[in-house]
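This briefing is meant to be read with the sequence and the 3D view side by side. Please keep both open while working through the topics below.

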Amino acid sequence: MPEPIRLKDHEKDARLIRARVVVSAGAIFLLALVLVARLYYLQVVQYEHHSTLAENNRIHVQPLPPPRGLIFDRNGVIIADNRPSFSLTITRERAGDWLKVLDTIVEVLALTPEDRVLFEKRVRQGRRPFEPVPVLFELSEEQIARIAVNQFRLPGVEVDAQLVRHYPEAEHFAHSVGYVGRINEAELKKLDPVDYAGTHHIGKTGVERFYEDLLHGQVGYEEVETNARGRVLRVLKHTDPVPGKDLTLTLDLNLQKAAEAALGDRRGAVVAIDPATGEVLAMVSQPSFNPNLFVTGIGYKDYAALRDSIDRPLYNRVLRGLYPPGSTIKPLVALAGLDTGVVDRSSRVFDPGYYQLPNVEHKYRNWNRGGDGWVNMEAAISRSNDTYFYDLAHKLGIDRLHGYLSHFGIGQRVSLDMFGEAEGLMPSREWKRAIRRQAWFPGETLITGIGQGYMLTTPLQLAQATALVANKGKWHRPRLLLRADKLSPEQLVAQGLVEALPTPSDIRLKDPRYWDMVSSDMQQVMHSARGTAHKVGDTAVYRIAGKSGTAQVVAIRQGEKYDRSKLHERHRDHALFVGFAPAEAPKIAVAVMVENGESGSGVAAPVVKQVMDAWLLGENGRLKPEFMPPAPLEVVHEQ
Amino acid sequence: MNSNFDRTLSREDVLRRRSSLLQRLHIDGPLLLLLLLLACGSLFVLYSASGKDVDLLLKQASSFGLGMASMLLIAQVEPRFMARWVPLGYVCGVLLLLVVEVMGHNAMGATRWINIPGVIRFQPSEFLKIIMPATIAWYLSRSSLPPSFKHTLVSLALIGVPCVLILRQPDLGTAVLILASGAFVLFVAGLRWLWIAGAAAAAVPVVVGMWYFVLHEYQKQRIHTFLDPESDPLGTGWNIIQSKAAIGSGGVFGKGWLLGTQSHLDFLPESHTDFIIAVLSEEFGLVGACLLLMVYLMLIARGLVITVQAQTLFGKLLAGGLTLTFFVYVFINIGMVSGLLPVVGVPLPFISYGGTSLVTLMSGFGVLMSIHTHRKWITKV
């Protein structure tokens with residue numbers, strides 16, 4: 001037993017401890033209150049905030065990309081469709097050391113270091129967090145299998161099936177339909193991030209580019225619940241995407257192929273237009289390329305080969321090729337002459353083989369150095385006499401020449417719906433003063449009158465000008481779209497789906513018979529014995545109105561003669577030919593340019609005729625009934 | 001006047017207590033009831049937090065069984081007997097820590113375990129959680145209170161040695177708890193307020209020194225993250241942002257059992273161990289969390305009653321130290337999960353999954369029971 005004195009100590013100790021316990025109890029109570037206050041703050045005061053955080057954690061909105069609209073030719077043949085394709089995607093956030101994972105992919109699939117560089121670039125371009133970024137497309141069965149076997153080494157890497165654009169007709173429509181390609185950084189900045197969420201491709205050129213908005217469709221959404229690792233657990237809400245509109249083009253696959261065949265393996269361009277509507281029936285720029293290469297990202301080597309090829313397959317000659325129109329514009333100049341009253345049908349010019357301005361030494365040569373003697377308009381067009389047109393151009397002056405030719409679409413964008421069309425150049429006094437800081441010289445008017453000099457036109461402009469002559473001045477912008485789903489281009493504009501582009505005013509001549517006169521002269525080119533293209537015209541079972549032309553590639557100096565043997569093949573003249581048929585009721589207007597083809601009537605004219613034949617003739621070798629001209633008025637008149 | 005030490009009981013009292021089965025088994029009824037309540041609650045919450053993992057539940061249940069057994073076993077030991085063996089236990093504990101220091105088993109970047117494969121795998125630091133307050137209680141109970149300056153210094157040295165060893169493992173959480181368990185005994189023993197204030201003032205340079213010389217990079221990182229979790233939302237700040245979102249999104253009544261999205265969709269890290277209070281708060285709301293806190297406070301209240309009613313100085317000091325340390329467990333865990341305190345690895349007592357801490361805690365309560373049920377009854381004749 002403890003001693004009493006110790007007991008007293010214990011009493012004191014017990015009191016001390018009891019006091020400390022009371023203090024502790026108070027402190028514990030207060031600290032517990034702090035905890036409750038903290039929980040109250042989080043769970044009641046900040047409830048909204050944390051609730052939202054937790055929901056955002058849980059619910060992810062996944063975009064469902066819309067299937068891109070299909071593209072058909074005018075007969076319903078498919079030109080662009082979507083095919084399932086397997087691509088390899090990587091999600092940076094799930095891959096951990098993603099650079100190392102990329103190394104592993106390259107190793108597993110035995111790819112090259114260039115691919116590795118490309119992969120890294122693609123991943124760095126990746127958009128939102130936790131979004132899988134495709135790095136490699138069109139996986140083969142073997143590649144898919146290799147990835148599957150090595151999956152354990154490839155965190156965050158998945159094989160993803162998606163629809164990818166495919167062009168079954170490959171190079172036939174590369175320059176008209178164009179192609180889609182991966183969205184690049186510059187485009188990403190301009191695009192609506194909501195609309196293009198989940199879409200990896202966008203139209204880069206051609207119809208694909210111009211009608212991107214129609215083709216793309218509307219993105220759909222899926223609200224999914226995901227766990228912290230991003231795995232989808234269930235779908236909460238689903239909104240279907242609206243597929244893009246299917247486009248039916250005015251192009252005709254058969255005519256396109258016929259035009260290409262007519263051009264053969266020469267470089268050049270062919271445009272065929274229905275003059276009554278502006279529908280472009282064929283659009284050939286040769287050589288072409290396979291647009292499928294661009295869809296999933298063209299390899300560096302392939303691209304370099306296309307880009308550096310001397311034949312320039314990527315160059316759209318129809319829309320961007322700029323050539324002096326040469327004699328093909330003579331009918332237009334003739335119309336200007338008639339309409340202004342500067343000349344009439346009987347006006348004649350004596351051609352000694354050259355033309356001289358008063359008091360000027362310089363001789364403006366006719367192509368026929370010997371001269372054609374007295375020529376009137378009909379002879380001047382059918383013989384393509386330069387002297388007559390030097391004289392006519394001189395009488396018209398550059399201002400009136402500029403006015404008329406511009407109205408025919410020279411020097412301006414004529415198309416309704418083509419991407420990247422070049423303007424060309426129709427020179428004028430103002431233009432020369434502004435660009436060259438020089439006055440206009442009368443001699444420049446002369447060579448403008450025969451389509452040389454500063455003037456530059458695209459094959460499309462030539463076709464359009466020809467179609468205008470065929471259609472007696474009634475303007476229809478050349479277009480590629482026939483309808484989108486069931487909507488006509490006019491309805492699309494009315495619904496605000498496509499921006500309206502004003503049509504130039506129709507060309508009204510003082511006397512509408514001028515059209516027939518010039519058309520008749522153009523028919524002489526084909527069908528009179530002295531016509532420059534009578535060899536081609538002789539073989540036609542219908543009447544063609546046409547005009548040849550040559551576009552100089554290198555200037556021939558004064559007094560020098562064009563000598564083909566001296567010129568490098570690539571420096572030879574471009575051969576041009578324009579025409580429409582049947583001349584009495586035109587159904588097709590064609591412009592052909594053959595690069596370095598030299599002879600408009602010899603090389604380009606047969607191409608024009610073959611295209612017309614392909615369009616107009618039935619299997620029996622006669623005009624298709626729907627293209628039959630009404631009653632051959634001229635014949636009646638002669639009888 | 002009514003000190004419990006010399007409290008005398010009526011004959012009926014004595015008879016009633018003697019005859020009580022619980023008394024004979026040296027079990028304290030209120031403590032047992034509250035602990036069983038917590039055990040049930042724990043299994044309930046764990047089922048949800050672990051993603052309906054029944055295996056894990058069975059393991060935890062068996063840990064409860066083991067803990068219960070060790071509690072009851074310890075409750076049978078007389079406090080006097082304990083006091084006798086405490087110094088030896090302390091020496092053994094420190095030696096084991098040294099063994100860990102030299103050849104411990106490394107798990108998750110920290111050397112905390114002694115692993116004799118096939119035989120035993122345990123953390124000596126857990127053992128010290130009970131031995132430490134017992135040692136200080138034993139040391140201080142040998143002389144009269146309040147502790148003199150010399151006794152205080154010796155106590156601090158006794159506390160300091162194992163704390164430094166544990167800090168070197170490194171395990172900041174356990175070191176803090178063991179430091180607290182020893183310090184609380186000193187506090188309950190009546191450490192002078194002036195000295196406490198002095199120590200607090202001196203702590204400032206010590207903390208600064210710790211920051212530069214003692215704390216490991218990952219520990220500093222935790223403190224950085226604590227001060228500004230949003231600075232690294234996907235890295236180290238992730239845990240705390242997600243646990244706050246879990247707690248906050250629970251609201252007043254919670255999302256319902258098994259319906260917590262943060263834990264079930266794996267946004268919440270360590271959801272069945274250190275961060276389980278976030279699961280409970282998400283699914284049962286403020287109401288659930290407050291109910292749990294109330295159970296804890298009742299346990300602590302019972303512990304303080306036992307402290308006051310203990311008959312021996314050793315018993316009083318040990319009971320007080322253990323009870324206050326228990327509250328520190330609760331406070332640090334809930335504080336860290338709710339973003340009040342930096343993240344240190346302290347589990348939520350009885351609720352978090354983990355056998356070791358459970359057995360340690362139950363053993364502590366076994367000591368409390370022993371202190372309370374081994375009182376000598378002096379009957380008035």
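The model shown here is a predicted one. With that cut-off in hand, Val149(A) can be classed as exposed, because 10 other C-beta atoms are found within 10 Å.

- Val149(A) belongs to helix α6 of chain A, which covers residues 141-149.
- Although Val149(A) and Val108(A) are 41 residues apart along the chain, their C-alpha atoms are separated by 9.5 Å.

**A five-stranded sheet in chain A**

- Chain A contains an open sheet of five strands in the order β12-β11-β20-β19-β18, and the pairing is antiparallel.
- The edges of this sheet are formed by β12 and by β18 (545-551) of chain A, each of which pairs on one side only.
- On average, and with direction ignored, neighbouring strands of this sheet are turned by 10° against each other.
- Strand β11 of chain A, residues 268-274, runs antiparallel to β20(A) and is joined to β20(A) by six bridges.
- To find one of these positions in the view, look for Ala269(A), whose bridge partner in β20(A) is Met593(A).
- Helix α10 of chain A (residues 253-263) packs on the sheet, where it touches β11 and β12 of chain A, and its direction makes about 35° with that of β12(A).
- Helix α19 of chain A (residues 459-470) also packs on the sheet, touching β11, β19 and β20 of chain A, with a direction that makes about 150° with that of β20(A).

**Backbone details to look for**

- Most peptide bonds are trans, and most residues other than glycine have a negative phi.
- The peptide bond from Gln286(A) to Pro287(A) is cis, with omega near -5°, and Pro287(A) lies in the loop between β12 (279-286) and α11 (292-295) of chain A.
- The peptide bond from Ala581(A) to Pro582(A) is likewise cis, with omega near -15°, and Pro582(A) lies in the loop that runs between β19 (574-581) and β20 (588-594) of chain A.
- Arg437(A) is not a glycine, yet it has a positive phi of about 55°; Arg437(A) sits in the loop between α17 (429-436) and α18 (442-449) of chain A.
- Arg437(A) is classed as exposed, because it has 7 other C-beta atoms within 10 Å.
- In chain B, Leu258(B) has a positive phi of about 70° although it is not a glycine, and its place is in the loop between α11 (238-250) and α12 (261-264) of chain B.
- Leu258(B) has 13 C-beta neighbours inside 10 Å, so it counts as partly exposed.

**Chain B as a whole**

- The secondary structure of chain B comes to 15 helices and three strands, and 49% of its 381 residues are buried.
- Of the contacts in chain B between residues at least 6 apart in sequence, 72% join residues that are at least 24 apart.
- An unreviewed UniProt entry places the feature "transmembrane region" at several stretches of chain B, among them residues 173-189 and 194-214.
- Over residues 173-189 of chain B, the chain is 94% helix and 0% strand, and the end C-alpha atoms are 24 Å apart.
- Over residues 194-214 of chain B, the chain is 95% helix and 0% strand, with the end C-alpha atoms 28 Å apart.

Notes: Residues numbered from 1 in each chain as written. Chains lettered and ligands numbered in written order. Predicted model: local features only at pLDDT ≥ 70, side-chain atom pairs only at ≥ 80, totals over all residues. Helix = DSSP H or I, 4+ residues; strand = E, 2+ residues; numbered from the N terminus. Buried ≥ 20, exposed ≤ 12 C-beta atoms within 10 Å, placed from the backbone. Contact = placed C-beta atoms within 7 Å. Pairing = 2+ DSSP bridges. Axes fitted to C-alpha atoms, helices over the stretch in contact; angles between N-to-C directions. UniProt positions renumbered as here; feature names shortened; annotations may be inferred.
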